[in-house]
Amino acid sequence: AVVGLSSEPDLLNPLLSSSATAGLVFAELHDGLTDLDESLTYAPGIARAWETAPAGRSITYHLKPWCWSDGAPLTARDVVGSLALFKDERVASSRRGLYQDVLGAVALDDSTVRYDLARRVPDPVQATWHQLLPWHVVGALDPAAVASWPINRRPLSSGAFVLESWTPNRELVLARNPRYPGAPARLDRVVFRIVPEEATRLLMLETSELDLVDGIRPDAARRLEQTRDR
């Protein structure tokens, strides 16, 4: 599938990325402990199950066997380290404030992680959701130098796709992740093509150079429907 984007991601590190485009691409590379299903209810992702303590001050996740796209196992250590980075003042992530009610996380064993909460919250799963980073790669890096980490443009994947290539201001190519422990992606590849001009994106959609374009204005959508019906 070839998807038209108006701009490319700023970077593909969830600690720092701020563009909507980065979020769209990273969603194809990343699986979380949980995921929202079609009814907007949290369903198992990398975590197979979880339970909240009776007092509501902690939540414990039980992980499935999982791995990163380089073959390294994804364990509770990755989860604990990722949360610590989001909360680290040296990283200065714009998402740091989302976890003010989360005191921290503890790896009880390789496949079990407990989040401790500062207070009882309405939805502990939502309060503890965050992206994961490969601790075997980032654990030895300086958090204060996060803006220059290699994974900013060459991320590992825990999801159904891996980043195959990134040609600045032109395109990003994702390929099916052969090590993905979940259901394989239905597509072999997804190409995100950078086309800043809206008129050009629409023309490329009409001529089948693009398969999908997001954010089409209503008047343009009506014109495309008329073109399709001819």
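A nonpolar core is taken here as a set of buried Ala, Val, Leu, Ile, Met, Phe, Trp, Tyr and Cys residues joined through side-chain atoms within 4.5 Å, where buried stands for a relative accessible area under 20%, exposed for over 50% and partly exposed for values in between (1.4 Å probe, protein chains only). The model is a predicted one, in which local features need pLDDT of at least 70 and side-chain atom pairs count only at pLDDT 80 or more, whereas totals for chains, interfaces and linings use all residues. Residues are numbered from 1 along each chain as its sequence is written, and side-chain values use heavy atoms, with hydrogens and water left out.

The protein chain contains six helices and eleven strands, these being DSSP runs numbered from the N terminus (helices H or I, at least four residues; strands E, at least two). Along the principal axes, its C-alpha atoms fill a box of roughly 60 × 35 × 30 Å. Of the 230 residues, 45% count as buried, and the accessible surface, from the Shrake-Rupley method with a 1.4 Å probe and, for residues, only the protein chains shown as cover, comes to about 12100 Å², of which 51% belongs to carbon and sulfur atoms. With contact defined as heavy atoms within 4.5 Å, residues 24 or more positions apart account for 53% of the contacts that have a separation of 6 or more.

The largest nonpolar core has 51 residues, and those with the most contacts inside it are L33, Y61, V113 and Y115. Helix α2 supplies the largest share of this core, six residues. Another core, of seven residues, lies apart from it and includes V173, V191, M204 and L210. In soluble globular proteins, nonpolar side chains tend to be buried together.

Helix α2 comprises the twelve residues 76–87, and its end C-alpha atoms are 17 Å apart, in agreement with the 16 Å that it should span at 1.5 Å a residue, the expected span being 1.5 Å times one less than the number of residues. Nine of the twelve residues in α2 are buried, namely A76, D78, V79, V80, G81, S82, L83, L85 and F86. The cover over these buried residues includes β5 (58–63), β6 (102–109), β7 (112–117) and α4 (135–138).

Strand β5 is itself mostly covered, six of its six residues being buried; S58, T60 and H62 point one way from the strand, and I59, Y61 and L63 the other way. Beyond its neighbours within four places in sequence, Y61 is in contact with residues including L33, A47, W50, V113, Y115 and P124. Strands count as paired if DSSP finds at least two bridges between them. Strand β4 (residues 47–52) is joined to β5 by five bridges in an antiparallel arrangement, with E51 opposite T60, and in the hairpin of these two strands, which has five residues between them, G56 takes a positive phi near 75 degrees. Five bridges also join β5 to β7, again antiparallel, where T60 stands opposite R114.

An open sheet of five strands has the order β8-β9-β10-β1-β11, with mixed pairing. Its edge strands, β8 (161–167) and β11 (212–213), each pair on one side only. Strand β1 (residues 2–5) runs parallel to β11, to which two bridges join it, and V3 has L212 as its bridge partner.

Ten salt bridges are present in the structure, each being a side-chain nitrogen of Lys or Arg within 4 Å of a carboxyl oxygen of Asp or Glu. In one of them, the side chains of R119 and D101 meet at 3.0 Å, N to O; because R119 lies in the loop between β7 and α3 (124–127) and D101 in the loop between α2 and β6, the pair ties together parts that are 18 residues apart in sequence. R119 counts as partly exposed at 41% relative accessibility, whereas D101, at 19%, counts as buried.

The closest N and O atoms of E171 and R193 are 3.3 Å apart, and since E171 lies in strand β9 (residues 171–176) and R193 in strand β10, the pair ties together parts 22 residues apart in sequence. E171 is buried at 15% relative accessibility, while R193 is partly exposed at 27%.
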